[in-house]
Amino acid sequence: MIELKKDLYWVGIKDWELKKFHGDEFSTPSGSSYNSYLVKGREKTVLVDTCWGPFKEEFIHHLETHLGLDKIDALICQHSESDHSGAMTFLLERRPDLPVYCTAKGKQMLMAQYHKEWNFVTVKTGDTLDLGGYMLQFVEAPMLHWPDTMFTYIQGMAVLLPNDAFGQHYAFGPMFADEADPCLLWKEAITYYANIVAPYAKMVRAKIDQLKKMNLPIEMICPSHGLIWRDDPMQIVEKYYEWAGPYKENQVAILYDTMWHETKAMAEALARGITRTGMVAKVINAAKNDETFMLTEAFRSAGILVGSPTINNGISHAMAALMEGLKHLKLQGKKGAAFGSCGWSGEAPALLQKHLEEANVEIAGGPFKAIHMPYEDQIAELENFGEAFAKGLISAE
Ligand code: FEO
């Protein structure tokens, strides 16, 4: 148990070895943590969230050893996803009487996952639980990032427990964000936002607006993954508000695949044109790079250029997977274009352009097609387009 402030303890798990999350969908090079919290009031002690199933024995053993399961008066399940609910069956086999506070949707989703009739107490926004000296105030937060999600605010402690919101997949020795390497912290925070939260940007802004209207004093934000925001905790809230808008940095992501370096030559020509303007071009081979990284780079970029050779009248496997991921992000305010080489039929650029449109990217030119290796005049055309494309992004700022 690690004391975060008086009567608030971290009792979670640090998963140093985690390299993939959500099955194999999401890469987590910095590991992660499953943050569980213990809040001790004068009359009641509550556990907020548990951990992923593979750690259930370690998690419960720790609670039993350092507190005693009989000392827990209630479990708050803010979100039923397995990384936070995975130890619930193990805990509730030992404490079947324990009240489980969750949203109505949370109850439904827990029952669908575990097939158990636990001692559920469903709550909604405005409901409270008095611990003696502290009052838990529940705030439903549907689609941040599941329909069941809720936040818990601890009145009397000025602490917000927002579950997955404001987290990072980052296992680190100390507990607080202000103790971390800021480069890695913010890299993991934006990666987490882009890949998990970005599809629900409208709900993010609405929830932040609601929280601000509630005018709650907030001294600490304790997410369910990664480090805790103690020093200027609202900095991550403001950052989420910014990311939830048409966010863009001064860069273009050129995401491509290539068979015989012909589409690669096109990508490099586009990059040369872009860099003439001072804008950053990130040239990333989709078949050789991590999808979580690439989607984050796309999210950060003002422009997205995508290229693939035509293979059997279609696009490459790597680009097909990437374009599917890109559509999930519900991008806002991005411009893009498609390109690719071919031997004869050359469907790939037009197919990629359609994928871009479906990913909510505004088409700013192209599609550009070369038969095998582009000639010098085609290279020059691509360089000039890259330059004009970047200038258009800069003037739109
Ligand atoms: Fe960290 Fe949506 O679970």
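Figure 1. Met143 lies in the loop between β13 and β14, elements named from DSSP runs numbered from the N terminus (helices: H or I, at least four residues; strands: E, at least two). The model is predicted: local features are reported at pLDDT of at least 70 and side-chain atom pairs at pLDDT 80 or more, whereas totals for chains, interfaces and linings use all residues. Residues are numbered from 1 along each chain as its sequence is written, and side-chain values use heavy atoms, with hydrogens and water left out. Met143 has a phi near 70°, a positive value in a residue other than glycine. The loop between β13 (135-140) and β14 (150-155) also holds His145, which is joined to Leu144 by a cis peptide bond with omega of about 10°. Most residues other than glycine have a negative phi, and most peptide bonds are trans.

**Figure 2. The cis peptide bond from Gly366 to Pro367.** Omega of this bond is near 5°. Pro367 is placed in the loop between β21 (362-363) and β22 (368-371).

Figure 3. The protein chain is divided into domain 1 (2-243) and domain 2 (249-390), with bounds taken from an automatic or database domain assignment. A distance of 38 Å separates the C-alpha centres of domain 1 and domain 2. At the interface, 13 residues of domain 1 are in contact with 11 residues of domain 2, contact meaning heavy atoms within 4.5 Å. The two domains bury about 930 Å² between them, 58% of it on carbon and sulfur atoms; buried area is the accessible area (1.4 Å probe) that two parts lose on being put together, summed over both. The count between domain 1 and domain 2 is one salt bridge, defined as a side-chain nitrogen of Lys or Arg within 4 Å of a carboxyl oxygen of Asp or Glu.

Figure 4. In the whole structure, a search finds 21 salt bridges. Side chains of opposite charge can pair when their charged atoms come close.

**Figure 5. The largest pocket, between the two domains.** The largest pocket holds about 370 Å³ of space. Of the 16 residues that line this pocket, His22, Glu25, Asn195, Ile196 and His328 are the closest to its centre. Two or more lining residues are given by each of α5 (182-197), α9 (291-300) and α10 (317-328), and the largest share, four residues, comes from α10. Because domain 1 (2-243) and domain 2 (249-390) both give residues to the lining, the largest pocket lies between them. Its lining comprises seven nonpolar, six polar and three charged residues; Ala, Val, Leu, Ile, Met, Phe, Trp, Tyr, Cys and Pro count as nonpolar, Asp, Glu, Lys and Arg as charged, and the others, Gly among them, as polar. On a 1 Å grid over the protein atoms alone, a pocket is an open set of points with protein on both sides within 12 Å along at least five of seven lines, a cavity is a set where a 1.4 Å probe fits but cannot get out, and lining residues have an atom within 4 Å of a point. Grid points are joined across faces, edges and corners, and a volume is the space filled by probe spheres set on the points.

**Figure 6. The second largest pocket.** The volume of the second largest pocket is about 270 Å³. It is lined by 17 residues, of which Met259, Thr310, Cys342, Gly343 and Trp344 are the closest to its centre. At least two lining residues are supplied by each of α8 (262-275) and β20 (335-342). The lining of the second largest pocket divides into six nonpolar, 10 polar and one charged residue.

**Figure 7. The largest cavity.** The count comes to three cavities of 30 Å³ or more, and the largest cavity has a volume of about 60 Å³. Among the residues that line the largest cavity are Tyr193, Trp243, Phe299 and Lys330. Its lining divides into eight nonpolar, two polar and one charged residue. Domain 1 and domain 2 each provide at least three residues of the lining of the largest cavity.
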